[in-house]
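Welcome, and thanks for taking a look at this structure.

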Amino acid sequence: MTPAPTTIQPSASNWAGNLRYAARGVAAPRDLDELRRLLADAELAGERVRPLGTRHSFNDIADTDGLLVSTAALPADIEIDAERRLVRVSGGMRYGDLAVRLEESGWAVGNLASLPHISVAGAVSTGTHGSGDRNGSLAASVAAVELLTAAGDLVTLRRGDAEFDAVVVGLGAFGVVTQVTLDIEPSFQVEQTVYERLPVDAVLADLDAVTGLGYSVSLFTTWRDPEVIDQLWVKRRPDRDRPALADVVGARPATGPRHPLPGVSAEYCTEQGGAAGPWLERLAHFRMGFTPSNGEELQSEYLVPREHAVAAIGAVRGLAAEIAPLLFVSEVRTVAADALWLSPAFGRDVVGLHFTWRPMQAEVVALLPRLEAALAVFEARPHWGKLFAADAAALAPLYPRFDAFTALAAQYDPKGRFRNAFTERVLFGA
């Protein structure tokens, strides 16, 4: 019996709506055989392909002039290995859905990004992260990755394999990630407390003390007042962290729930006020069951070595007058070092300087070169899935294994089936 062809839906936009995909359409194969047929057909047609997750990227990393392949329809079963503390999950599954399944079985992943709506493979492949001085990026918890190459080969790489550290944060350059195996741990409780209006100078005087207040810590500011950090979100694990402080550099806890954006309802933010609850209801900033964050927005992020964080924040502060009119909010988070070749945290602890911009793309794009020039002295690495101006010539010196990465990607994909304008610009220098 001839299998039914995979439905090709019309191409669409990314989540933020700032990019209309140039692809001829979006396919959502239901199993590996369908995915293999799609790749084989693309090979015969000389067509390029890109994997597509939950579309929560703000640049053209997931775009193509050929066919987009979504992994959302692949089987979403998870396999928990309690003895080895691992879970094997479909790459297209969202972290929020995975979190519910794990909690039901008494397990947890060590951290979440600010949004639980993102897919596992998409987040891992771009080096996406949460926060915490001792917490690595989401990719750092990957124990194994399975992907289908352009030749139709199913390849599995495990932690310790020679090519593993290259392929995990792979930017879609090696193939379509079908399964990811993650480290897990027993379920735990988290308490979240928000502090308001912290003096910038007091925070920078001992940034380590502030980011060390909890398991996961985030600082938010609009830079409308360059003397003030508007909010500090401290997520504590009562099983390992010291009690919440009554004040932080003179700032006291908020009197009620807060949204990172001043004046916006906190209805869709995760539980605050210091009450303990399950990890999946506190580690992300936003609840799963609604449109994430502010909806129509743009994002950029730059990760700088921990030792340069105070100076880098000072440099951003110096541009506050230019940044604030374009900004919804900026967030500062910390990420522990890892060994993944193109991870923004490769080889060093980093501090992320995140910008959620108003939907003013022309103005934001015009500002980015100036912002990146101010941060260049600090060896700032941009988040791969967000807006940035740097090209391969600027990025290559920031990653010691950059050339080895591009050479290996060329071996996996010699005909460039998974390349696109983004990879040509930021990896291959075309």
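Predicted model: local features only at pLDDT ≥ 70, side-chain atom pairs only at ≥ 80, totals over all residues.

**Aromatic residues**

- Ten aromatic pairs are counted in the model.
- In one of them, the ring centres of F388 and F422 lie 6.2 Å apart and the ring planes stand at 80 degrees; the pair is edge-to-face because that angle is over 60 degrees.
- F388 and F422 are both buried.
- Two arginines sit over aromatic rings: R381 lies over the face of Y399, 4.7 Å from the ring centre, and the charged end of R237 sits over the ring of F188, 3.7 Å from its centre.

**The nonpolar core**

- The largest nonpolar core has 112 residues, and the members that touch the most others are W357 and W384.
- As a general point, nonpolar side chains tend to be buried together in soluble globular proteins.

**The eight-strand sheet**

- Eight strands form an open sheet in the order β15-β12-β14-β13-β17-β18-β16-β19, and their pairing is antiparallel.
- At the edges are β15 (277-278) and β19, each of which pairs on one side only.
- Helix α9 (residues 361-376) packs on this sheet, where it touches β16 (298-305) and β18; the directions of α9 and β16 make an angle of about 5 degrees.
- Strand β12 (residues 189-199) and strand β14 (residues 228-236) run antiparallel and are joined by eight bridges, with Q192 opposite K235 in β14.
- Strand β17 (residues 327-335) is largely enclosed by the rest of the structure, because nine of its nine residues are buried.
- On one side, β17 pairs with β13 in the antiparallel sense over three bridges, and S330 in β17 is the bridge partner of T221.
- β17 also runs antiparallel to strand β18 (residues 350-357), with eight bridges joining the two; here V329 has T356 in β18 as its bridge partner.

**The four-strand sheet**

- Another open sheet has four strands in the order β1-β2-β4-β3, with mixed pairing.
- Its edge strands are β1 (8-9) and β3 (49-52), each pairing on one side only.
- β1 and strand β2 (residues 25-27) run antiparallel and are joined by two bridges, and Q9 stands opposite V26 in β2.

**A glycine in a loop**

- G212 is found in the loop between α6 (207-211) and β13 (216-221).
- Is G212 buried or partly exposed? Its relative accessibility is 36%, so G212 counts as partly exposed.
- Apart from neighbours within four places in sequence, G212 is in contact with D133 and R242.
- G212 and A140 are 72 residues apart along the chain, and their C-alpha atoms are separated by 20 Å.

Notes. Residues numbered from 1 in each chain as written. Heavy atoms only, no water. Core = buried A, V, L, I, M, F, W, Y, C linked by side-chain atoms within 4.5 Å. Buried < 20%, exposed > 50% of the residue type's maximum accessible area, 1.4 Å probe, protein only. Phe/Tyr/Trp six-rings, centres within 6.5 Å; stacked < 30°, edge-to-face > 60°. Lys NZ or Arg CZ within 6 Å of the ring centre and 35° of its normal. Contact = heavy atoms within 4.5 Å. Pairing = 2+ DSSP bridges. Axes fitted to C-alpha atoms, helices over the stretch in contact; angles between N-to-C directions.
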